Amino acid sequence: MSLLQELRASAEKLGLTDLGAAAAGPAQGYERFRAWLEEGNAARMTYLERGAEARRHPESVLPRVRSLLVGVLSLKTLVDENPSVLPPYPSGGAIVPYAVRRDYHTVLKEKLHALRAQLAERFPGERFRVCVDSAPLLEKEWAHRSGLGSYGRNTLLIHPTAGPAVFLGFLLTTLSLEELESGGDPADEQRPSVLTDPCGGCRRCLDACPTGALRENRTLDARRCLNYWNIEHPGDDIPEDIRVRLGGCLFGCDRCQRVCPHCGALPPPARVPLETVEKMTPEEFQPLFTGTPLARLGLERLQRNARWLR
Ligand code: B12
């Protein structure tokens, strides 16, 4: 059994849906990313511009990196392992299911740190770094190069069995891909096969996007994406043509995942009455949402989102 196969077995026990590995090298999607930024698609996510250059090569994240291990956590596992922090209200503003649970960044990091510890014990001379969403990596490209899926029309990486509703986490290492793969018998490798184009003629996500944020060339205009407006946008301003299309979304929007034929049934969004949000005090907000993605948003912006829905 190769080291990678051993790690896959550990990853499965830890609740990861899949684990892949790729040799480090220059990022092939860098120019595509640059062009995307230059067209203004990042809206006010200025951190993307600041970290742009570093995305050229993962050695900016770990010097002398030779390979990347990529962990996949499905939304289904996240939901099954972590109950919602909200009581079940029958109606109200919609919150995507991942946001009312333990933050997927924390969950993925814990699992990847367990793999890192397993490797560090055997290879004390090597270096490792765990990162989820925060480091300047073109994450979908590394997942794709690790054999974990292909880019869908909704711009997400579509995993062959878990579909687009997955989160990605990274363990960078100075161990080489050859070291990770050596000794493995290909016959032991039961891997779901990746579809070259998971979409074919399907356009369900493009049709379902309420604001037309998805483009034919499989890029997304964050200036039109509801996820940008109610998760990332720093100000109180929102264009009226976007606001009227929020469709009750208080945090996130997952229409382009839900309608994907590769996406299994997702839990319904959580709901919370807008008045409850509007009257919420920091003393109530904090204990309820600590450790969830809503805590990162903060009460002020959650209340801003509720105002946009009025
Ligand atoms: C900025 C960002 C956003 C922005 C912009 C999203 C976007 N699609 O660009 C906003 C706020 C809208 C957003 C929303 C969401 N995001 Co987001 N986001 C990111 C982030 C930080 C950067 C993405 C980026 O660089 N976009 C710029 C464009 C140009 O890049 P791209 O679409 O990734 O294209 C690259 C690849 O496709 C590749 N590529 C190379 N060659 C080719 C060739 C072809 C033909 C194609 C098609 C692509 C391709 O190169 C391109 C440039 O690198 C990543 C984490 C990271 N560090 O990478 C998470 C990430 C993409 N987001 C994620 C998630 C889960 C979401 C949301 C579901 C909810 C959420 N958690 O906020 C929604 C989904 C909306 C959607 N349809 O994308 C996951 C996606 C997992 C997956 N299955 O792919 C990531 C990887 C975070 C993670 N660690 O899990 N996000």
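This is a predicted model: local features need pLDDT of at least 70, side-chain atom pairs count only at pLDDT 80 or more; totals for chains, interfaces and linings use all residues.
Me: Which side chain has an N or O atom 3.0 Å from an oxygen atom of the ligand?
Reply: That side chain belongs to Lys140. Lys140 is also listed among the closest residues, together with Glu139, Asn154, Leu157 and Leu168.

Me: How many residues surround the ligand, and how do they divide by type?
Reply: The ligand is surrounded by 31 residues. Of the shell, 19 are nonpolar, 5 polar and 7 charged. Elements that each supply at least two shell residues include α6 (139-145) and β7 (166-173).

Me: Why does the ligand lie between domain 1 and domain 2?
Reply: Both domain 1 (3-85 + 102-183) and domain 2 (213-308) give residues to the shell, so the ligand lies between them.

Me: How do I read the packing of two helices?
Reply: Two packed helices are described by the angle between their axes and the distance between the axes. For α1 (residues 3-14) and α5 (residues 104-122), the angle is about 145° and the axes are 10 Å apart. Their crossing is right-handed.

Me: Which residues make the contact of α1 with α5?
Reply: From α1 they include Leu3, Leu7 and Leu14, and from α5 they include Ala114, Leu115 and Leu119. The residues of this contact divide into 7 nonpolar, 2 polar and 3 charged.

Terms used. Residues are numbered from 1 along each chain as its sequence is written. Side-chain values use heavy atoms; hydrogens and water are left out. A residue is near a molecule or strand if one of its heavy atoms lies within 4 Å of it. A polar contact is a pair of N or O atoms within 3.5 Å; within protein, one must be able to donate a hydrogen and the other to accept it, and residues adjacent in sequence count only if both atoms are side-chain atoms. Helices (H or I, at least four residues) and strands (E, at least two) are DSSP runs, numbered from the N terminus. Ala, Val, Leu, Ile, Met, Phe, Trp, Tyr, Cys and Pro count as nonpolar, Asp, Glu, Lys and Arg as charged, and the others, Gly among them, as polar. Domain bounds come from an automatic or database domain assignment. Axes are lines fitted to C-alpha atoms, for helices over the stretch in contact, and angles run from 0 to 180 degrees between N-to-C directions. A crossing is left-handed if the near helix is turned anticlockwise from the far one by less than a right angle, and right-handed if clockwise. Contact means heavy atoms within 4.5 Å.
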